[in-house]
Amino acid sequence: LLVYFPGEMPAEFHDFLRGRCAARVARYRAGLAATGLPGVAGPPRTALEGEQAVTRTHLSQAIVDAGHARDLPDAFARYTGDRVGLVPPVDLPFLEAIDRARAAGGLTSWAHPPPEAAAALVGTFQAAGLQGLETARPGLGPVARNALLRLAHRHGLVATGGSDFHGLPHNRPLGGWSFPAREARAFARALGIAA
């Protein structure tokens, strides 16, 4: 879930996110322990300090860096992907995350929605308060991008998009991704930062 604020994030929500970062550190450590791989780095200092949410991608990169996988797809296929089952699922239900973010005044958008899942679930999530759908990011082809954009428009959701930057070596640079201006204007209006 992506959450946007028109200004500073409320302190209570920041505290909530620090707790989520701690839960992500525990998840990273559990996944690392389950792999049994030697020499894989633990969570970074920023995550331990509650300022970064580590993901399966971070663990996968650490596995690659330690020489146990060729690249991220290999690490996901062998160790960190959902089908392997070594990394515990995120322990915050999506609908609860939407509710917490909306209560704090945030604009919510579904990050990385698989088109098939989005088609099946977007109505339920919208009824729970979802306001946007991520429709553009690196690696998402034009067919999927257009399908998600049509779905967002059909359900009255704003389209969001970005570079999917997580501070990892394989990422495009922060800000190195474009997004259609017409969709960006609609997003800005929904966020209350443009007329």
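Me: What should I know about the model before reading the values?
Reply: It is predicted, so local features need pLDDT of at least 70, side-chain atom pairs count only at pLDDT 80 or more, and totals for chains, interfaces and linings use all residues. Residues are numbered from 1 along each chain as its sequence is written, and side-chain values use heavy atoms, with hydrogens and water left out.

Me: Why is Thr-135 called buried?
Reply: Buried means under 20% relative accessible area, exposed means over 50%, and partly exposed lies in between (1.4 Å probe, protein chains only). Thr-135 has a relative accessible area of 3%, so Thr-135 is buried. Its place is in strand S3, residues 132–136. Strands (E, at least two residues) and helices (H or I, at least four) are DSSP runs, numbered from the N terminus.

Me: Which residues does Thr-135 touch?
Reply: Contact means heavy atoms within 4.5 Å. Not counting residues up to four places away in sequence, Thr-135 touches Leu-140, Arg-145, Leu-148, Leu-149, Ala-152, Ala-159, Thr-160 and Phe-179.

Me: What makes S3 and S4 a pair?
Reply: Two strands pair if DSSP finds at least two bridges between them. Four bridges join S3 to S4, and the two strands run parallel. Leu-133 stands opposite Ala-159 in S4.

Me: What makes a group of residues a nonpolar core?
Reply: It is a set of buried Ala, Val, Leu, Ile, Met, Phe, Trp, Tyr and Cys residues joined through side-chain atoms within 4.5 Å. The largest such core here has 16 residues, and Tyr-28, Val-40, Leu-59 and Ile-63 touch the most other members. Helix H1 (11–35), helix H3 (56–65) and helix H4 (72–80) each supply at least two residues of this core. The largest share, four residues, comes from H3. A second, separate core of 13 residues includes Trp-110, Leu-140, Leu-151 and Leu-157.

Me: Which residues does Leu-59 touch?
Reply: Leaving out residues up to four places away in sequence, Leu-59 touches Tyr-28, Gly-31, Leu-32, Val-40, Thr-80 and Val-87.

Me: Where is Val-54, and why is it called buried?
Reply: Val-54 is found in the loop between helix H2 (45–48) and H3. Its relative accessible area is 1%, so Val-54 is buried. Beyond its neighbours within four places in sequence, Val-54 is in contact with Arg-24, Val-25, Tyr-28, Pro-44 and Ala-47.

Me: Which residues line the largest cavity?
Reply: A cavity is a set of points, on a 1 Å grid over the protein atoms alone, where a 1.4 Å probe fits but cannot get out; lining residues have an atom within 4 Å of a point. The lining here is Arg-24, Arg-27, Tyr-28, Val-54, Thr-55, Arg-56, Leu-59 and Val-87. H1 gives the most to this lining, with three residues.

Me: Why is Ala-127 called exposed?
Reply: Ala-127 has 72% relative accessibility, so Ala-127 counts as exposed. Its place is in helix H6, residues 115–127.

Me: Why is His-112 called partly exposed?
Reply: His-112 has 32% relative accessibility, so His-112 counts as partly exposed. His-112 is found in the loop between S2 and H6.

Me: What is the phi of His-112?
Reply: The phi of His-112 is positive, about 55°, although His-112 is not a glycine. Most residues other than glycine have a negative phi.

Technical notes. 1 Å grid on protein atoms, 1.4 Å probe; cavity = no way out; pocket = protein on both sides within 12 Å on 5 of 7 lines; lining within 4 Å.
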